[in-house]
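Please keep the sequence and the structure in view while reading.

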Amino acid sequence: MILVHQIRLPMQAAPQQAVHRAFKKLKLAPAQVQWAQIHKVSVDARRGQPQFVYSVALALQTQQQENKYDGLGAAIQLVRPQPFLPLPGNQPLPGPVVVCGLGPAGLFAALELAEAGFAPLVLERGPDMQTRTQVVKNFEQGEELDENANIQFGEGGAGTFSDGKLVTRIKDPLCSRVTQRLLQAGAPEDIGYRQKPHIGTDLLQDVFVALRQKLIAMGGQVLFNTQLTGLVQKSGRLVGVKTTAGQLPCGVLVLAVGHSARDTFAQLRQEKVTLEAKPFSVGFRIEHLQSEIEKGLYHEAAGHPALPAGEYQLATHIGGRGVYTFCMCPGGSVVAAASARGTVVTNGMSLHARSGPNANAAVVAGVTPQDFGDDPFKAIAFQQQLEAAAYTAGGGNYAAPAETLGSFLEDRGKLELNRVLPTYPRGVTPANLGNLLPQNLTAALRTGLRQFGNKLPGFTVPDAVLTGLETRTSSPVRIPRAQTLQSAEVEGLWPCGEGAGYAGGIMSAATDGVRVAKAIIEQYKPAK
């Protein structure tokens with residue numbers, strides 16, 4: 001396969017023109033090409049009038065013909081996709097394979113294991129998708145929080161109620177395998193070529209259900225409303241798991257519990273499993289009018305129907321601490337993401353259409369293991385303290401504290417609403433958000449926000465709304481694993497995904513699930 005990059009076209013050009021440009025660049029006639037398609041497309045709005053920038057993938061009739069184009073410059077790339085072909089292991093399987101967690105990491109690990117004949121049993125502490133979405137809706141409308149069925153827990157994991165973003169910084173060939181599974185399960189076709197692919201919360205829910213059904217069809221099982229409560233070990237080897245449904249035999253446990261499974265982390269500490277502190281970030285959600293964000297990004301072309309919903313990603317360093325925007329949701333809403341009673345946690349969500357009036361994103365400052373004496377449980381306690389303080393500042397009943405940006409920058413504690421109306425579903429209460437965070441983080445966020453206003457016109461408008469607090473950007477915990485990806489302490493335990501500290505987002509978590517499953521497949525042979 002040949003990739004032809006940096007094909008620039010005006011907004012009104014049809015994608016097929018990019019294919020014709022690729023043919024011309026390679027001096028090829030259509031008859032010489034076996035197939036051709038758009039590989040990637042992005043928007044470059046840095047020079048006034050935005051342009052689409054395409055990469056085109058094409059295949060010639062033979063590999064020998066393609067080899068002639070090797071080394072012709074950065075814009076022409078010869079690619080040989082590597083098939084996913086794990087070498088089957090020869091060690092006897094020591095017991096049943098159990099996967100804990102049905103988020104992206106656990107789901108994609110289970111799919112690979114089922115396809116290889118390992119018949120995994122998946123434990124999910126929350127309910128199935130249909131039940132979960134109804135419980136979340138009930139909570140948004142004022143009912144009590146269910147600590148096992150919410151935006152953090154249940155089928156699909158925390159990423160289910162997001163934007164369905166598949167953007168990742170990792171450069172891993174396994175990403176294409178994840179994308180193909182998503183496409184086969186009904187994800188929108190454009191996730192295969194968009195520079196910033198997304199599925200949307202509404203469509204992602206159906207995709208996850210389709211993947212679970214495929215898992216079951218391949219011999220996997222799923223137990224919903226079943227929480228892991230302990231490990232059963234013998235001479236340093238895992239032989240079983242304790243669950244709310246009773247004790248189960250287990251020789252291989254893929255632990256993919258997600259970043260909010262604090263009770264599981266505490267249980268692992270009792271089991272003498274080492275947990276390390278890792279960096280994460282805290283802050284709040286910022287909401288702007290989506291139309292104003294697009295004016296800042298696309299200038300006079302804002303509103304052109306060919307342009308995608310405007311997205312931004314901003315970052316700076318203040319006093320050695322990172323301040324950045326995260327999980328930007330165009331045309332979306334701020335959601336109530338608490339998983340413990342008496343706490344307030346915010347996150348962001350978009351539907352596939354991204355048609356809401358507001359844009360929202362996390363604006364956060366980084367914290368490090370050194371901030372907590374390298375103690376992961378002090379880091380978790382810090383999160384819990386912030387979430388409880390946000391609940392109190394919101395006035396109880398899961399209302400969130402909020403402040404307009406102009407007020408926050410001036411430390412006035414006011415909610416001076418104008419054009420931007422908050423979307424957090426349980427209601428907001430005026431509060432001084434700066435008082436809810438440590439002083440050094442508040443100062444860093446204020447400085448960072450002012451810098452972001454210089455990078456993106458319109459970002460620091462006074463009526464942008466800040467809603468707090470955002471505390472679950474990533475896991476504060478890492479569970480060490482050996483080079484084999486297995487726990488160095490408990491044979492048979494395979495930490496995986498975001499909760500174990502090895503991913504951050506849907507794509508990287510799913511990819512880590514595939515990676516861990518591949519390691520298991522290459523070590524063991526499935527039981528007959």
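## Helix H4 and its ends

Helices, as the term is used here, are DSSP runs of H or I with at least four residues, and they are numbered from the N terminus. The model is predicted, and within this model helix H4 covers residues 129-140, which makes 12 residues. From its first C-alpha to its last, H4 reaches 16 Å, close to the 16 Å expected at 1.5 Å a residue.

At the N-terminal end, H4 is capped by Asp 128, which places a side-chain oxygen 3.2 Å from the backbone nitrogen of Gln 130. Just after H4, at the other end of the helix, Gly 142 takes a positive phi of about 115°.

## The buried residues of H4

Which residues of H4 are buried? They are Met 129, Arg 132, Val 136, Asn 138 and Phe 139, and what covers them includes helix H6 (201-217) and strand E17 (333-336). As a general point, an α-helix has 3.6 residues a turn, so residues three or four places apart point the same way.

## An open antiparallel sheet

Elsewhere in the model, 3 strands form an open sheet in the order E9-E10-E11, with antiparallel pairing. Strand E9 (228-234) and strand E11 (246-249) each have a single partner strand and stand at the edges, so one side of each is left without a neighbour in the sheet. From one strand to the next, the twist averages 30°.

The antiparallel pairing of E9 with strand E10 (residues 237-243) runs over 6 bridges, and Gly 230 stands opposite Lys 242 in E10.

Methods. Residues numbered from 1 in each chain as written. Predicted model: local features only at pLDDT ≥ 70, side-chain atom pairs only at ≥ 80, totals over all residues. Heavy atoms only, no water. Pairing = 2+ DSSP bridges. Helix = DSSP H or I, 4+ residues; strand = E, 2+ residues; numbered from the N terminus. Axes fitted to C-alpha atoms, helices over the stretch in contact; angles between N-to-C directions. Expected span 1.5 Å × (residues − 1). Buried < 20%, exposed > 50% of the residue type's maximum accessible area, 1.4 Å probe, protein only. Contact = heavy atoms within 4.5 Å. Polar contact = N/O pair within 3.5 Å; in protein donor to acceptor, adjacent residues only side chain to side chain.
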